[in-house]
Amino acid sequence: MAKRVAIIGAGASGLTAIKCCLDEGLQPTCFERSEDIGGLWRFQEHVTEGHSSIYKSLTTNSSKELMSFSDFPIPEEYPNYMHHSKVMEYFRMYAEKFDLIKYIHFKAQVRHLRKHTDFPITGQWEIVTEMNGRQESAVFDAVLLCTGFHVHPYFPLDSFPGVEKFKGEIIHSSAYKNPEKYQDQRILIIGLGNSGLEISIDLSHSTKQVFLSTRTGAWVINRVSDGGYPFDAVHFTRFKNLLFHKLPGALINQWGEKKLNMKFNHENYGVKPQHRFLSKTPIMGDDLPNAIIAGRVLMKPHVKKFTERGVIFEDGSTEENIGVVIFATGYTFSFPYTQDIILRTQANKVSLYKNVFPPHLGKHTLAVIGFVKPIGAIMPVSEIQARWATRIFKGMQQAGSIP
């Protein structure tokens, strides 16, 4: 009899996890809390608790050539950098091609994941799910957790004195959908990550003024690289990976910073980071220098203090009549259905062998898929992780072996 595998989440990682189970002759059952596949990539006009969502204009930061699943390439006619609607079309085609939907239970909330009574012998798990107000319990031979990083918006309001006195609107970037409701307003965005940068550009075409506040700055790269080719297709090669591991870090830092400053001088534009090129992943910002040089986006240092209608920055400058503040400060994650017994989270980190297996369980029958932040797309990473995990579940490999 085929081993039963529970998969939690039907996003990019969950879909390939179902496919990998089928490839190994395992019996998958996927639980998805929402009514559709796609996870983070499924656009929703209104924010749903526990479901991270994207804004309307979002396009990918990875080219289609490097974000495809290995056995189902993205259609040739699709653009290199896709709008999120194209990504969802691709997921639907992938699910239809391999007949994955029939294995997914939608609107199924996982309430409890716990070791079965005979776990030390069998490695089995008991999962309690809730659908339509009714709870059900089932036993599985293995579990794949595919819910990802982007779960709970991180709102560090305690770090900003006076924020409780601010009379304007405060939202997290996860609640931002489109610029229409913010026309003719002065908007402050806190955080220079990919979301903060892209939302700043999106807003800058229709608002009165956008201020982009950063504590550390960032190295900014373009989607279009040498010769007009996608950035990742040019630089994410085996040869360049070899060079990065063989050459001294100081030399690579010098090369990378010089190359990026040739596009635009980061210091002159107010985005030069405190860290070196290799110390932190660069952000994708094709239009940022255009927005800054045109005055649509004004770079500002970290916020020191809020006032009723404005902010005071760490350099002593002030801005008044701020109508909206958007915190592009990332996310925290949790696995509430495990009660932190199975996955020990601390300081927004969790210890996983090879970024997949909790090392303390004894039985390698639970794996976490897509719980990494790669430089590039998550899809191929999740696929190779799921292929490795399902082979271990089947007994074809040991957890200590190389996938």
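Axes here are lines fitted to C-alpha atoms, for helices over the stretch in contact, and angles run from 0 to 180 degrees between N-to-C directions. Helices (H or I, at least four residues) and strands (E, at least two) are DSSP runs, numbered from the N terminus. The model is predicted, and for that reason local features need pLDDT of at least 70 and side-chain atom pairs count only at pLDDT 80 or more, while totals for chains, interfaces and linings use all residues. Residues are numbered from 1 along each chain as its sequence is written, and side-chain values use heavy atoms, with hydrogens and water left out.

With these conventions in hand, the reader can begin at the pair of helices α1 and α9, which pack at an angle of about 35° with their axes 9 Å apart. On the α1 side the contact (heavy atoms within 4.5 Å) is made by Ala-12, Ser-13, Thr-16, Ala-17, Cys-20 and Cys-21, and on the α9 side by Met-379, Ser-382, Glu-383, Ala-386, Arg-387 and Thr-390. Sorted by class, this contact has 6 nonpolar, 4 polar and 2 charged residues, where Ala, Val, Leu, Ile, Met, Phe, Trp, Tyr, Cys and Pro count as nonpolar, Asp, Glu, Lys and Arg as charged, and the others, Gly among them, as polar.

Both helices also lie across strands of a sheet. Helix α1 (residues 12–23) lies across β1, β2, β3 and β7 (142–145) and runs at about 170° to β1, while helix α9 (residues 379–394) lies across β1, β7 and β22 and runs at about 170° to β7. The strands belong to an open sheet of 5 strands with parallel pairing, in the order β3-β2-β1-β7-β22. Its edge strands, each pairing on one side only, are β3 (104–106) and β22 (366–368), and neighbouring strands of this sheet are turned by 20° against each other on average, direction ignored. Two strands are said to pair if DSSP finds at least two bridges between them; β1 (residues 4–8) and β2 (residues 27–32), which run parallel, are joined by 5 bridges, and Ile-8 stands opposite Phe-31 in β2.

A search of the whole structure finds 0 disulfides, a disulfide being a pair of cysteine sulfur atoms within 2.5 Å. The sulfur of Cys-20 is 7.3 Å from the closest cysteine sulfur, in Cys-21, which is too far for a bond. Cys-30 is likewise in no disulfide, the nearest cysteine sulfur, that of Cys-146, being 7.2 Å away. Relative accessible area, taken with a 1.4 Å probe and protein chains only, sorts residues into buried (under 20%), exposed (over 50%) and partly exposed (in between). Cys-20 counts as buried at 2% relative accessibility, and Cys-30 counts as buried at 0%.

Burial also describes helix α4 (residues 194–204), in which 9 of the 11 residues are buried, so this helix is largely enclosed by the rest of the structure. Among the buried residues of α4 are Leu-197, Glu-198, Ile-199 and Asp-202. The buried residues of α4 pack against β10 (186–190), β11 (209–213), β13 (283–284), α8 (288–293), β14 (297–300) and β18 (324–327).

Strand β4 (residues 109–115) runs antiparallel to strand β5 (residues 125–131) and is joined to it by 6 bridges, with Glu-130 in β5 as the bridge partner of Gln-109. β5 in turn pairs in the antiparallel sense with strand β6 (residues 134–140) over 7 bridges, and Ser-137 in β6 is the bridge partner of Val-128. β5 and β6 form a hairpin with 2 residues between them, and Asn-132 in the turn has a positive phi of about 55°. Another hairpin joins β15 to β16 through 4 residues; these strands, β15 (residues 303–306) and β16 (residues 311–313), pair in the antiparallel sense over 3 bridges.

Finally, two aspartates in loops have a positive phi. Asp-99, although not a glycine, has a positive phi of about 55°; Asp-99 lies in the loop between α2 (84–97) and β3 and is partly exposed, with a relative accessible area of 39%. Asp-184, also not a glycine, has a positive phi of about 65°; Asp-184 lies in the loop between β9 (169–172) and β10 and counts as exposed at 56% relative accessibility.
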